Amino acid sequence: MKTMFEKVQAILARQLRKDPAIITPASRIKRDLGADSIDILQLLMRIEDQYGIVIPDKALATFDTVGDVVAYLEKQEGEINI
């Protein structure tokens with residue numbers, strides 16, 4: 001079974017066309033991985049569709065690193081089926 005990080009890593013690698021090996025929890029989504037606003041929006045839409053959740057704008061504003069996204073999703077695990 002994949003960890004939450006591995007799931008997010010796979011989505012990001014596919015979305016940004018990056019080698020998953022370079023994506024770590026400390027990777028900054030914009031600065032290190034080169035994502036722009038559209039990439040981030042598409043990433044969040046993919047996560048929302050895949051897991052049937054809605055990520056509020058307030059939470060979105062806190063996402064700087066891959067680890068931030070993972071931490072948010074792990075926090076939601078008890079409330080939804082991720």
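This is a predicted model: local features need pLDDT of at least 70, side-chain atom pairs count only at pLDDT 80 or more; totals for chains, interfaces and linings use all residues.
Leaving aside neighbours within four places in sequence, which residues is isoleucine 11 in contact with?

**The whole chain**

Show the protein chain as a cartoon. Four helices and zero strands make up its secondary structure, and the pattern read along the sequence is α-α-α-α. The protein chain is as compact as a globular protein of its length, because its radius of gyration of 12 Å is close to the 12 Å that the globule rule gives for 82 residues. Turn the view along the principal axes: the C-alpha atoms fill a box of roughly 30 × 30 × 20 Å.

**The surface**

Now show the surface. The accessible surface of the protein chain is about 5,200 Å², and carbon and sulfur atoms account for 51% of that area. Of the 82 residues, 40% count as buried.

**The nonpolar core**

Hide the surface and select Val8, Leu12, Ile47, Ile55, Val66 and Leu73. These have the most contacts inside the largest nonpolar core, which has 25 residues. At least two residues of this core come from each of helix 1 (4–16), helix 2 (37–51) and helix 4 (66–76). Helix 1 gives the largest share, seven residues. As a general point, nonpolar side chains in soluble globular proteins tend to be buried together.

Centre on valine 8. Apart from neighbours within four places in sequence, valine 8 is in contact with Val66, Val69, Val70 and Leu73.

**Isoleucine 11**

Return to isoleucine 11, which lies in helix 1. Its relative accessibility is 2%, so isoleucine 11 counts as buried, the cut-off being under 20%. Here is the reply to the opening question: with neighbours within four places in sequence left aside, isoleucine 11 is in contact with Leu43, Arg46, Ile47 and Gln50. Ile47 was also one of the core residues selected above.

For a distance, pick the C-alpha atoms of isoleucine 11 and glutamate 74. These two residues are 63 residues apart along the chain, and the C-alpha atoms are separated by 16 Å.

**Glutamine 9**

Stay in helix 1 and select glutamine 9. Is glutamine 9 buried or exposed? Glutamine 9 is buried, with a relative accessible area of 14%. Not counting residues up to four places away in sequence, glutamine 9 touches Pro20, Ala21 and Ile23.

**The loop between helix 1 and helix 2**

Move on to arginine 17, in the loop between helix 1 and helix 2. Most residues other than glycine have a negative phi. Arginine 17 has a positive phi of about 55 degrees, although it is not a glycine. Show its side chain too: arginine 17 is exposed, with a relative accessible area of 75%.

The last stop is aspartate 19, found in the loop between helix 1 and helix 2. At 47% relative accessibility, aspartate 19 counts as partly exposed. Finish with one more distance, from aspartate 19 to glutamine 50. The two are 31 residues apart in sequence, and their C-alpha atoms are 21 Å apart in space. Gln50 is also one of the contacts of isoleucine 11.

Note on methods
Residues are numbered from 1 along each chain as its sequence is written. Side-chain values use heavy atoms; hydrogens and water are left out. The radius of gyration is taken over C-alpha atoms; the globule rule is 2.2 Å times the number of residues to the power 0.38. Buried means under 20% relative accessible area, exposed over 50%, partly exposed in between (1.4 Å probe, protein chains only). Accessible areas come from the Shrake-Rupley method with a 1.4 Å probe; for residues, only the protein chains shown count as cover. A nonpolar core is a set of buried Ala, Val, Leu, Ile, Met, Phe, Trp, Tyr and Cys residues joined through side-chain atoms within 4.5 Å. Contact means heavy atoms within 4.5 Å.
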